[in-house]
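Trainee: I would like to learn how to read strand pairing, helix packing and cores from a model. Can we go through one case step by step?

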Amino acid sequence: MAEGGDVDWELSKENIQPLRRGRDISALRQALSQREEGPTSAINQQKQMFESELRTYDGDDPLSVWDRYIKWTEQTFPQGGKEGNLATLLERAVTRFTDEKMYHNDPRYVELWIKFAENCPEPLDTYRYMQAQGIGVRQASFYIAWSEEYENQGSYQKADHVYQEAFNNLAEPHDRLLQFHRALQARVSRQVFLKLENESSDEEPKQPERVSLADLKHRGKKKAIAPVNRTGTAIKNITRGLQSSGAPVLSNAANRQLVVFDENKAEAAGPSEATLESWLAPPPSKAKENEQKPGKWCDMKMPQKTKFGHSVMAPPPPKPTFQPFVEETDQPPTMTPCKINPAVNSVLSARKPSKEETPLKRLQEHHQQHKEAEAGKLQERSMYCKELLLSGATEFCFEELRAEHSFKKLAQGSQEEGGEGCHASAAAAAAAAAI
Amino acid sequence: MTGCNEYKLNQGPEDGISAVKFSPSTAHFLLVSSWDCTVRLFDVGGNSMRLKYQHAAPVLDCAFYDPTHSWSGGLDAKLKTHDLNTDQDTIVGTHDAPIRCVEYCPEVNVMVTGSWDRSVRLWDPRTPCNAGTFTQPDKVYTLSVAGDRLIVGTAGRRVLVWDLRNMGYVQQRRESSLKYQTRCIRAFPNKQGYVLSSIEGRVAVEYLDPSQEVQKKKYAFKCHRLKEEGIENVYPVNAISFHSIHNTFATGGSDGFVNIWDPFNKKRLCQFHRYPTSIASLAFSNDGTMLAIASSYMFEKGDISHPEDAIFIRQVTDAETKPKST
């Protein structure tokens, strides 16, 4: 905390989302010091520049713009969140190039897919989709990410199987693959070993205990939501940092995070657990099945049971005088658009909860539509450059697109005249004023 | 192609046409802003250009303040006012990004500009000076004045209704009832509602009164679509203009057609012949006898060769613009 610059960073550490490759400290400092500025801030100008470059780029490597834009977004919006639009960007980028075979095994593209998958509620589906489409099948990083996801979910066999697949497909670089595969095996074997050790002195805590410093699995679309119940399955089963087999084992017996399935043990545990607990109270009557004495079946009327188990014949219970408490979560929350004050505005109705839509589904739908369009099966055709207007994180209108073109021409013109070439969209006003 | 009730204006702009606006007092004068960095004033009756003035960059919109003053703004982000009698320029102020819309509100006597810098600014036309900046949720694509209310359409399909007499808060926040990008919003002359057009061949008629009965009346319909070989080609609807007396309106699409609609009986009154290229802007004259039609390619399909930009003046009849009484 020697310099002024460090203070910012020290004070807002908790707001910084971890990145696989780490963060550039200078970018971080800049990002943190530049919060709270208007639409003219440097960040917005830079963003606008990327947005326009996405649309006006005419070289032969359009992916490079996306790649730079997304990396910049990650570095510039360390808090994640809506303003960065990272999820949208990833989705658009990934969608944009699904049909471009030349990118399918480009490390940058595969990297985008992996980031996209990590943003999905079901990363495994995405990885399977990638495999089916042949995206990243020759890239080691794809298999490593896939395998790690399996490992996160506790399926070690599948995690290992992914590496077999990788070796079969001759994914590159081979060294890295080998290294990660060995690390996986080391982790698994260590866990098996620990498990065996624990069994000898098994003091299984009967109540699930919270584990200190454990990663929690996130719920829902946004990573931010941690589960209320922070024990058992809610914990990510991984100790990620420990990859070398020689590293000291941090987890102790009570706090261990990896559970390796052992079929021998499971078999033994199954029946014994049942006998352990005796009934503390007789089971409630609704659980009883064959209350009635056996008798003649025909001519018998079956009393209709309500879902509460009371028969209808019985006199209905008097209405309770109290309002039964209903968990808020019992009903699906009605989605409402942000910040609408009903006193001011009654025009907007609450937004209806949309049907469950994952990014992957959207992507598949898009792919499907594209195919149909190519096959000429489409009923409607938009008579404008829809792709251009909608790429990137924000939409453009025709006039903006045309403005970018005219700024570009202007910049080129001034460059040819020997003047300083000012960049197209960075400062629209400045560019025009320079004429 | 042009009949006796229609003619093409001479000395038109050399690049795309962004807006056409009739003078508030007479059907004699037409203001035209263009991508060739000029604003021109046409003598419609005499079919000649009266004057033109320059901006530093393409001009995206223009408006009359009174019959002798025009206001305009564009990619240079500077708002200009021009005295049409003395041919003198004044720069009134600037936005932080290109100015997309310029309108005048006679009820409150204020000029309104909307920009891609996500703000609407008000300007006092007498001084002239800035009278306030109001942040919008996204880039402003279109705006319209209904009495003392301002309807703003932004990117992200948002619609905001402001009270120009009290800009302290947004009166209504709405989401466009259409699924795709908003292209144009124009208010009914009777100030009860507005018409919104989208980039995918659809137009919505909406009402400002938030009460349930009135809101029930809102509707949307498809238009500016052409069927070719079993495929429906869907065109953007770029321009709307209201007939000030009959409250009927004309829409212009990238298909090159102009339709006139009766919003009360939900009927199309007529369709004109197909113009050479996209309809970029439309304007009824104040007395409702003329319609200015800007046929100008808008780069919907990128920078490709296209028919020449042109402005047509069409004399319209009551049969074409008056709701059929049933």
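**Reading the features in turn**

Mentor: This is a predicted model. Strand S1 (residues 380–382) of chain A is joined by 3 bridges to S23(B), and the two run parallel. In this pairing Ser382(A) stands opposite Val234(B).

Trainee: How many residues does the contact take from chain B and from chain A?

Mentor: In general, the size of an interface is often given as the accessible area lost when the parts come together. Here I can give residue counts: 40 from chain B and 33 from chain A. On the side of chain B that touches chain A, the elements giving two or more residues are strand S17 (166–175) and strand S23 (231–234). By class, that side of chain B has 19 nonpolar, 8 polar and 13 charged residues.

Trainee: In which sense does strand S7 (residues 69–74) of chain B run against S8(B), parallel or antiparallel?

Mentor: Strands of a sheet pair through backbone hydrogen bonds, either parallel or antiparallel. S7(B) and S8(B) run antiparallel and are joined by 5 bridges. His69(B) stands opposite Asp83(B) in this pair. The hairpin of S7(B) and S8(B) has 3 residues between the strands, and Ala77(B) there takes a positive phi near 65°.

Trainee: Which strand do 6 bridges join to S8(B)?

Mentor: That is strand S9 (residues 88–94) of chain B, again running antiparallel to S8(B). Thr81(B) stands opposite Thr90(B) in S9(B). S8(B) and S9(B) form a hairpin with 4 residues between them, and Asp87(B) in the turn has a positive phi of about 60°.

Trainee: Why is strand S8 (residues 78–83) of chain B described as largely enclosed by the rest of the structure?

Mentor: Because 5 of the 6 residues of S8(B) are buried. The cut-off behind this is 20 or more other C-beta atoms within 10 Å of a residue's own.

Trainee: What is the strand order in the open sheet that contains S24 of chain B?

Mentor: The order is S24-S25-S26-S27 (chain B), 4 strands with antiparallel pairing. Strand S24 (237–242) and strand S27 (267–271) of chain B are the edge strands, each pairing on one side only. Neighbouring strands of this sheet are turned by 25° against each other on average, direction ignored. Within the sheet, strand S25 (residues 249–253) of chain B is joined by 4 bridges to strand S26 (residues 258–262) of chain B, with Phe249(B) opposite Trp261(B).

Trainee: At what angle do the axes of helix H8 (residues 140–152) and helix H9 (residues 156–168) of chain A cross?

Mentor: Two packed helices are described by the angle between their axes and the distance between the axes. The axes of H8(A) and H9(A) cross at roughly 170° and come within 7 Å. That makes H8(A) roughly antiparallel to H9(A), because angles over 145 degrees count as such. The residues that meet include Trp146(A) and Tyr150(A) from H8(A), and Val162(A) and Tyr163(A) from H9(A). By class, this contact has 9 nonpolar, 1 polar and 3 charged residues.

Trainee: How many residues does the largest nonpolar core have, and which have the most contacts inside it?

Mentor: The largest nonpolar core has 102 residues, and those with the most contacts inside it are Ile151(B), Leu282(B), Ala292(B) and Ile293(B). Its largest share, 6 residues, comes from strand S6 (residues 59–66) of chain B. A second, separate core of 42 residues includes Leu54(A), Ile114(A), Met130(A) and Ala166(A).

Trainee: Does Ala294(B) count as buried or exposed?

Mentor: Ala294(B) lies in strand S29 (residues 290–295) of chain B. Ala294(B) has 29 C-beta neighbours inside 10 Å, so this residue counts as buried. Beyond its neighbours within four places in sequence, Ala294(B) is in contact with residues including Ile17(B), Val20(B) and Ile311(B).

Methods:
Residues numbered from 1 in each chain as written. Chains lettered and ligands numbered in written order. Predicted model: local features only at pLDDT ≥ 70, side-chain atom pairs only at ≥ 80, totals over all residues. Buried ≥ 20, exposed ≤ 12 C-beta atoms within 10 Å, placed from the backbone. Pairing = 2+ DSSP bridges. Axes fitted to C-alpha atoms, helices over the stretch in contact; angles between N-to-C directions. Parallel < 35°, antiparallel > 145°, perpendicular 65-115°, else oblique. Contact = placed C-beta atoms within 7 Å. Nonpolar A, V, L, I, M, F, W, Y, C, P; charged D, E, K, R; others polar. Core = buried A, V, L, I, M, F, W, Y, C linked by C-beta atoms within 7 Å.
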